Amino acid sequence: LKKEMARTTVIWTTWSMNKERREVLRKSLESLIATAKDAEIFIVDNGEDLDDSKWFLEKTHNKEVACYIRNRYNLHFGMARNQGLKLCTGEYIVISDNDIFYENGWLEECLKVFEEYPNEKIIVSHIDYPTSGMRERYDAGYLGEYKLNMRAGSNCFMMKRKTYEELGGFEVHNIAGTLFTDKLVKKGYLTAVFLQKR
C-alpha cells in the first residue's frame, strides 16, 4: 500500500457462484479499474473459484489493485467489507459489490457532491432504490440538484471516513447492507443520488 493516505479507497467484495456470475464480476472489476485509476482498490474475495483468485492476484501483482484478501470460506459480505475497512486508508470509502458496472466520471461525481456539501449528513451513490414504489416511499427531496433517498445505494456507495468511524462496521448477517443502512438512517444520513438530478 502507499505510505500516504489515498483520497479514496474502494472496497470491492466478491463471491463467484457460477459461470454467469464470474463473467459479471470480471466485467465489474475491469470497469472499476478503468474508471478509478487514482483510487486505492481493495478486493475481498470470499473464495469459491480458484481461477478467479488467480486472476485477482494477477491484478494485484500488476498494481491495478492495492490489496487482495482471500478468505478460505464464504464469510459473507458484511465480514468481507469489515476486513477491507480495517485496512483501508482513504479519506473517502466506497463500498461495492461485484455486480456493479462503472462509467467514466462516477468517482469524480461522488467526490464533487461531498465537496459541494461538506457539512451535510450524506452518503453518495449512482444507484437509486431499485423499485419505483419503494423509491417514492423513501424519497426525501433534493439537496441542490441531487435526489435524496433514505435507503438507496446499499450495494454501491461512497461515505466519508468519519461516517465509518461514527457508525462502525457491518454486522455479520445475511442482510448486512440493510442493517448498515438502518444505522445510517437512525443517525440522520441520507443518500444523495447523483444520476437522479433535477
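This report walks through the aromatic side chains of the structure above.

The model is predicted, so local features need pLDDT of at least 70 and side-chain atom pairs count only at pLDDT 80 or more, while totals for chains, interfaces and linings use all residues. Residues are numbered from 1 along each chain as its sequence is written, and side-chain values use heavy atoms, with hydrogens and water left out.

Let's start with ring pairs, where the centres of Phe, Tyr or Trp rings (for Trp, the six-membered ring) lie within 6.5 Å; planes under 30 degrees apart count as stacked, over 60 as edge-to-face and the rest as tilted.

| Pair | Centre distance | Plane angle | Type |
|---|---|---|---|
| W55 and F56 | 5.7 Å | 50 degrees | tilted |
| Y117 and Y146 | 6.4 Å | 90 degrees | edge-to-face |

Y117 and Y146 are 29 residues apart and link distant parts of the chain. Y117 sits in the loop between helix 4 (106-116) and strand 5 (122-125), and Y146 in strand 7 (residues 146-149); helices (H or I, at least four residues) and strands (E, at least two) are DSSP runs, numbered from the N terminus.

Buried means under 20% relative accessible area, exposed over 50% and partly exposed in between (1.4 Å probe, protein chains only). W55 is buried at 14%, F56 is buried at 0%, and Y146 is likewise buried at 0%. Ring pairs also join W55 and F56 with W12 and Y68 in a cluster.

The charged end of R26 lies over the ring of W55, 4.7 Å from its centre, and that of R151 over the ring of Y138, at 5.8 Å.

Technical notes
A charge sits over a ring if NZ of Lys or CZ of Arg is within 6 Å of the ring centre and within 35 degrees of the ring normal.
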